[in-house]
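Thanks, I will keep this short.

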Amino acid sequence: MGAGASKNKITSQDKAILDLKVQRDKLKRYQKNINKVIEKEIEAAKLALQQDNKQKALLALKKKKYQVQLLEKTDQQLLNLEELTHSIEYALVEKQVLEGLQKGNDVLKEIHKETSLEAVEKLMDDTADAIAYQNEIDEMLHGLISAEDEEEIERELEALREEEIDAELPEVPANKLPEPVVDHEIPSVPTHVPKQAEKPRKEKQAMMAT
């Protein structure tokens, strides 16, 4: 409850803006009433002219002139109120921006403290020491291992690579594939002569007989 109340607390700046807007709304309502009075005085002047009452018409126009002057004053007051309201609202926005920039600057300073130049130099030195230590170990191992050992290690590495390749290849099925069925029976030779071939033979025999 307390946190919510403090978060929604109305500040003096908020109250000032609210008061200015209330005064602005009052002036707008006052202007509407003045416009109604002006219209009423114009109608009264017209009616007086229709009645041929010049004095009454002049009086109505004088009242109308006075109301117009009041309207002009309220226009200027309304303009001043709106300008002041906008100035305060802009100043509040500008203040919030500056506060945000200040917070960001503070965070940036904290980050710079955590990553100081000394810390970076120490990290670089530690990295260089680790690399030098690894190089020393490599040199020691190189001195202890002979050329034959190097060749044996290379062969072992190659064998491991081949095992990895064999493991990735698909397995060959153990069962034999079914053999295709082939019909070895030879088709029978026809014993009769086709009708189309029999007719030319008879014609040939007739020619030889003649």
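This is a predicted model: local features need pLDDT of at least 70, side-chain atom pairs count only at pLDDT 80 or more; totals for chains, interfaces and linings use all residues.

Residues are numbered from 1 along each chain as its sequence is written, and side-chain values use heavy atoms, with hydrogens and water left out.

How many salt bridges does the structure hold? There are three, a salt bridge being a side-chain nitrogen of Lys or Arg within 4 Å of a carboxyl oxygen of Asp or Glu.

Take Asp-19 and Lys-15, whose closest N and O atoms are 3.4 Å apart. Both residues belong to helix H2, residues 12-50, and are four residues apart, about one turn of the helix. Helices here are DSSP runs (H or I, at least four residues), numbered from the N terminus. Asp-19 has a relative accessible area of 38% and is partly exposed; Lys-15 is partly exposed too, at 48%. Partly exposed means between buried (under 20% relative accessible area) and exposed (over 50%), with a 1.4 Å probe and protein chains only.

Next, Glu-89 and Lys-21 form a salt bridge at 3.2 Å, N to O. Glu-89 is in helix H3, residues 54-114, and Lys-21 is in helix H2, so this pair ties together parts 68 residues apart in sequence. Glu-89 is partly exposed at 28% relative accessibility, and Lys-21 is partly exposed at 30%.

That leaves Arg-24 and Asp-25, with their closest N and O atoms 3.4 Å apart. Arg-24 is partly exposed at 23% relative accessibility, as is Asp-25 at 32%.

Notes
Helices (H or I, at least four residues) and strands (E, at least two) are DSSP runs, numbered from the N terminus.
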